[in-house]
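Hi there,

Here is the structure I promised to pass on to you. Please open it next to this email while you read.

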Amino acid sequence: MKDFPLLLKEARHAVVLTGAGISTLSGIPDFRSVDGLYRRKDIDAGKLFDLDYFLKDPTYYYHHAKDFLYDLDQKEPNIVHTVLADLEKKGVIHAVITQNIDLLHQKAGSLNVLELHGSPLVHRCLSCGRTWSFEEIAGIVKNGGVPICDRCHGIVKPDIVFFGESLPQHTLAEAEREARSADLMIVLGTSLTVYPAAAIPEITLQSGGRIAIINRDPTHLDRYASFRGTDLRSVFESLRVAHG
C-alpha cells in the first residue's frame, strides 16, 4: 500500500469526497457513529430530516437543528478543510464533492465544492418561493423561533436534501463527471453507506482510477483502496508538511 502523500503526488486529476467525519474535528457531530446525532435519545432520527414530517411540523426540525446547524458561525474549518483548500489553490486537487451541509469547505477557501446534499445557505418559502439568507434564518432559530414566510405564511425550508427528496441533479451529474475523470478519488470521513453519494468512488474505480480512503470505520471499498487510513488529523498533518 502506497504512502498517501506519494499517491497524491502521482495523481494528475485528484478529486475528494467528504462526509460528516471530517467535521467532527471542528466540533460538529456526525450522524451514525456512537456519539452521532442519530444515537441521541432526545432526537428521533426518523423525523429530523424527513420531508413528510417536516411539512407537517417544521418545528421539530428547527428546534433540534438549532444547536448543530444554526450555530455554524461559531464553527471553524479544521486542518482537513484548510489543507484541501490549499491543495486546490496549488492545483493538486480539482474538486471537493461533499455530503456535508456545514459550509466549512467554503469557509476554508475551497472554490470548486459540489454539495450533494444541498446547502443551508438559502432558505425558501415552499409556497411563494421567497428566499432568506442563512444568517437571517439563524437569527430566528437561535432565539427559539420557527421561520414562517411573512408574505404568504408558507413553510420555510432550507435548500438541503431531506429524506424523500432527490439529490440536485446538476450537482450529482457534475460529481459523477469528476469521478469518471479522476485518476485518484480521496474518500474522507464517510463510511460510504448512503447512496447515491456512496457510488461516487465506485465510478472512479470502474473508470480505471484509484481510491484512497481515510475513515475511522470500515467501508465496503476498503479492499480496493490504494491507501487506507483511520486518523484524519495525522494524515493531514503529514500532508501539510509534504506540500509545504
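This is a predicted model: local features need pLDDT of at least 70, side-chain atom pairs count only at pLDDT 80 or more; totals for chains, interfaces and linings use all residues.

Residues are numbered from 1 along each chain as its sequence is written, and side-chain values use heavy atoms, with hydrogens and water left out.

Let's start with the sheet. It is open, with 3 strands in the order 5-4-6 and antiparallel pairing. Helices (H or I, at least four residues) and strands (E, at least two) are DSSP runs, numbered from the N terminus, and two strands pair if DSSP finds at least two bridges between them. Strand 5 (131-133) and strand 6 (156-160) are the edges; each has a single partner strand, so one side of each lacks a neighbour in the sheet. Strand 4 (residues 118-125) pairs with strand 6 over 5 bridges, and arginine 124 sits opposite lysine 157 of strand 6.

Helix 7 lies across strand 4, strand 5 and strand 6, where contact means heavy atoms within 4.5 Å. Helix 4 (residues 58-65) lies across strand 4 and strand 6.

Now the helix pair. In helix 5, Ile79, Val80, Val83, Leu84 and Leu87 meet residues of helix 10, including Leu232 and Phe236. The contact has 8 nonpolar, no polar and 3 charged residues; Ala, Val, Leu, Ile, Met, Phe, Trp, Tyr, Cys and Pro count as nonpolar, Asp, Glu, Lys and Arg as charged, and the others, Gly among them, as polar.

Happy exploring!

How values were computed: Axes are lines fitted to C-alpha atoms, for helices over the stretch in contact, and angles run from 0 to 180 degrees between N-to-C directions.
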